[in-house]
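Hi everyone, and thanks for coming.

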Amino acid sequence: MNERTTLKINENGHLEIGGMDTVDIAKKFGTPVYVFDEAHLRNMMRAYQDVIDSDYDGFGLVLYASKAFSCKAVYSIANQENIGVDVVSGGELYTAVKAGFPTDKIYMHGNNKLLSELELALNCKVGTIVVDSYHEADILDKLCKERNLKQNVLVRINPGVEAHTHAFIQTARTDSKFGFSVSDGSAEDMIRYLLSKKNLVLEGYHCHIGSQIFEKQSFVLAAKKVLDFAFKIKNKLGFELKKLNMGGGFGIWYNDEDPKLKPEDHADYLKTLISAIKTKVKEYKLNKPYLLIEPGRSIVGEAGITLYTVGAVKDIAGIKKYVAVDGGMFENPRYALYQSKYTVILANRATEECTEMVSVAGKCCESGDLIAVDVPLPKAESGDIMAVLSTGAYNYSMASNYNRNFIPPAILVENGKADYIIKPQTFEDIVRNDATPDRLK
């Protein structure tokens with residue numbers, strides 16, 4: 001288990017998070033349930049922003065990447081910690097606005113923003129929109145003209161850096177659906193096009209090379225390539241960037257194959273990136289750009305765990321042993337999508353020796369409904385409370401009602417107190433939007 005002061009084994013041999021015994025959490029809130037550690041969330045937000053303040057003279061902003069986990073409570077925490085957010089859909093934007101988040105600190109992304117989403121962004125006075133297509137630039141310019149306003153924009157560029165990560169979560173390859181390539185001239189063409197738009201104000205560049213990255217040099221190389229490009233564009237088109245958004249992608253610990261990082265280790269990633277940016281800016285005699293980063297997973301990923309109750313245990317002699325839980329791919333699809341690996345423990349028997357290798361199966365009517373494969377556990381029994389660690393990012397946000405199962409509730413724990421931040425669903429919620437035509441009645 002990764003070392004953290006708020007996630008530990010208590011004197012009863014139970015897993016504890018945020019000062020609460022997970023067995024008590026399961027009794028009070030039921031399972032499956034997402035549990036988020038408020039202290040860890042805040043510590044991670046501060047770790048990044050503190051580096052910008054100390055190493056970059058405060059000339060920048062951390063943007064919480066909403067796609068990792070979005071709800072009103074997390075936006076309230078981000079607002080209290082004086083950071084910004086990025087959103088990638090109308091739903092995320094609406095949620096942030098409903099939470100009272102200041103819209104001038106919202107950055108909106110997306111490779112195919114809908115007309116309705118762009119209209120919502122303009123109506124809400126979103127601070128910056130990251131443009132990712134000619135189609136979007138045309139629509140946005142037209143909408144701004146109709147409203148007699150000018151919109152600050154960044155353009156997403158692709159520096160061609162391939163980080164060592166899963167192919168599905170690499171986003172800076174030449175063939176990515178995101179951004180405009182620096183190498184083939186398409187990024188330069190798009191900048192020229194945006195500069196011709198009378199109602200759009202181009203402020204700089206956005207780049208994101210992927211997710212779950214541990215190699216610092218991937219970020220350094222990306223920054224150097226972007227600033228090489230910025231220097232070229234300044235000389236060729238006379239445009240000098242005012243803002244530089246280097247995206248996110250900092251990795252987190254899921255199991256013992258990953259480095260065990262502390263908040264200060266994540267801060268060190270950012271220190272390395274900032275050092276490279278400052279060196280390159282000085283080399284090219286550029287004005288220092290306002291720096292933006294978008295850590296989502298590394299802020300919220302390890303802050304979250306999921307609790308389950310063990311149900312059926314099926315031992316196929318000599319082949320495999322399945323331990324089934326009351327969740328599944330409907331609330332954590334990451335194994336089905338990426339074969340993601342997790343750390344799994346029995347929360348009510350956390351000090352017991354692991355004596356067997358098992359696969360954790362969900363309750364869906366689907367052969368691929370697995371949460372973890374070949375993980376060590378004590379001999380599990382029906383009724384045990386199981387905890388899967390590091391599920392704060394891309395679990396609730398990717399959940400569905402597959403098989404008409406409930407998306408689990410989420411709770412926030414801090415100093416021994418727990419509150420719902422996402423309430424439980426009911427059967428009525430499941431059928432709420434169903435409609436039966438008269439001819440079928």
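A word on the model: it is predicted, so local features need pLDDT of at least 70 and side-chain atom pairs count only at pLDDT 80 or more, while totals for chains, interfaces and linings use all residues. Residues are numbered from 1 along each chain as its sequence is written, and side-chain values use heavy atoms, with hydrogens and water left out.

Let's start with Arg-297, which lies in helix α10, residues 297-300. Helices here are DSSP runs of H or I with at least four residues, strands are runs of E with at least two, and both are numbered from the N terminus. Arg-297 does have a partner in Tyr-254: their side chains are joined by a polar contact of 2.8 Å. A polar contact is a pair of N or O atoms within 3.5 Å; within protein, one must be able to donate a hydrogen and the other to accept it, and residues adjacent in sequence count only if both atoms are side-chain atoms.

Next, some backbone geometry. Most residues other than glycine have a negative phi, and most peptide bonds are trans. Yet the bond from Thr-31 to Pro-32 is cis, with omega near -5°, and Pro-32 is found in the loop between α1 (22-29) and β4 (33-37). Asp-374, in strand β18, is not a glycine but has a positive phi of about 55°. Asn-415 also has a positive phi of about 55°, and its place is the loop between β20 (410-414) and β21 (417-422).

Now for the spaces. Rolling a probe the size of a water molecule over the atoms shows where empty space is left. On a 1 Å grid over the protein atoms alone, a cavity is a set of points where a 1.4 Å probe fits but cannot get out; a pocket is an open set with protein on both sides within 12 Å along at least five of seven lines; and lining residues have an atom within 4 Å of a point.

The second largest pocket holds about 440 Å³ of space. Its lining has 25 residues, with Tyr-342, Thr-343, Val-344, Val-375 and Pro-376 nearest the centre. Which strand gives the most to that lining? It is β18, with 6 residues.

As for cavities, there are 2 of 30 Å³ or more. Helices α2 (38-55) and α9 (263-284) each give two or more residues to its lining.

That's my tour, and I'm happy to take questions.

Notes: Points joined across faces, edges and corners; volume = space filled by probe spheres on them.
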